[in-house]
Amino acid sequence: MSDAHDKMDRMYRYQRHFYDVTRKFYLLGRDHLIEKMDIRDGQKILEIGCGTGRNLAILANKYPQAEFFGLDASAEMLESAITKVKKQDLGNVILKMALADDFDYSSTFGLTEPLDTVFFSYSISMIPTWRESVDNAVKNVKSGRVIYFVDFYDQRDLPSAFAGLLQGWLKRFHVKYPEGLIPYLTKLEDDGLGESEVTPLFRSYSFLAEFRKK
Ligand SMILES: C[S@@+](CC[C@H](N)C(=O)[O-])C[C@H]1O[C@@H](n2cnc3c(N)ncnc32)[C@H](O)[C@@H]1O
């Protein structure tokens, strides 16, 4: 097992049991992302770093005629996701253990064509190889389709004392604003690979970004 798998398992072995209850108070913007996604029957949607499967379960219930895929580095988190999917009897969700920077729609999920939508919800900020992971997501989505990101933003519109406290607290969980990401999406845009758009949420506590592949 690689270091990335091991590290995430150590982090989430116990946390996964109270993850959904606690994270709903501070992983803000996940429901904005779910609302924003325009999913059609038959489409294939992948969440990278799906954790306990919270987002996938909401989506799979909302769009029973679409197919949902989730991958995660942590076998522990996937165990929670598998339990959730079974409990809710969701036949349209497939989960795999894989890393963001080296999965492939064909070898990981047995698909014959790239995905219709790929999203990262509070995972890109935890992935050291985030550039490679963005490149890999671009490779695995169809042309004309979107990759979404929701994550912590720079908190520029929050009172500075609160922003400082928040950043210190997030550090304890190995997460911080992925400051290179938005410039990197702009670079991909400049390279002619697609178009990006960023929307700050909750006074810049978090952001929702979309990258539409050319
Ligand atoms: C903060 S959780 C977010 C879970 C879920 N997306 C949500 O919105 O509730 C981040 C997840 O990313 C996973 N992760 C971290 N690094 C990863 C990597 N390199 N490849 C795949 N998943 C990774 C972690 O194991 C964890 O489940």
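Ala, Val, Leu, Ile, Met, Phe, Trp, Tyr, Cys and Pro count here as nonpolar, Asp, Glu, Lys and Arg as charged, and the others, Gly among them, as polar. By this division, the shell around the ligand in this predicted model holds 14 nonpolar, six polar and four charged residues. The ligand is surrounded by 24 residues, of which M8, G49, G51, S74 and S121 are the closest. Two or more residues of the shell come from each of the elements α1 (3-12), α4 (54-62) and β2 (67-72). The largest share is that of α1, which gives three residues.

The protein as a whole contains nine helices and seven strands. Along the principal axes, its C-alpha atoms fill a box of roughly 50 × 45 × 35 Å. Among contacts between residues at least 6 apart in sequence, 70% join residues at least 24 apart.

The largest nonpolar core has 54 residues. Those that touch the most other members are I48, L56, F68, V118, I147, Y148 and F149. Strand β5 gives the most to this core, with seven residues. When residues up to four places away in sequence are left out, Y148 touches L33, F119, L208 and E210.

An α-helix has 3.6 residues a turn, so residues three or four places apart point the same way. In α9 (residues 181-190), the residues L181, L185 and L188 are buried. They lie on the same side of α9 because they cover an arc of only 55 degrees around the axis. The face turned away from this buried side carries P183 and D190, which are exposed. The packing partners of the buried residues of α9 are α7 (130-139), β5 (141-152), β6 (194-201) and β7 (206-213). Just after α9, G192 takes a positive phi of about 85 degrees.

In α7, the buried residues include W130, S133, V134 and A137. These cover an arc of only 100 degrees around the axis, which puts them on the same side of α7. The buried residues of α7 pack against β1 (44-48), β4 (115-121), β5 and α9.

Key:
Residues numbered from 1 in each chain as written. Predicted model: local features only at pLDDT ≥ 70, side-chain atom pairs only at ≥ 80, totals over all residues. Near = placed C-beta within 6 Å. Helix = DSSP H or I, 4+ residues; strand = E, 2+ residues; numbered from the N terminus. Buried ≥ 20, exposed ≤ 12 C-beta atoms within 10 Å, placed from the backbone. Arc of directions from axis to C-beta. Contact = placed C-beta atoms within 7 Å. Core = buried A, V, L, I, M, F, W, Y, C linked by C-beta atoms within 7 Å.
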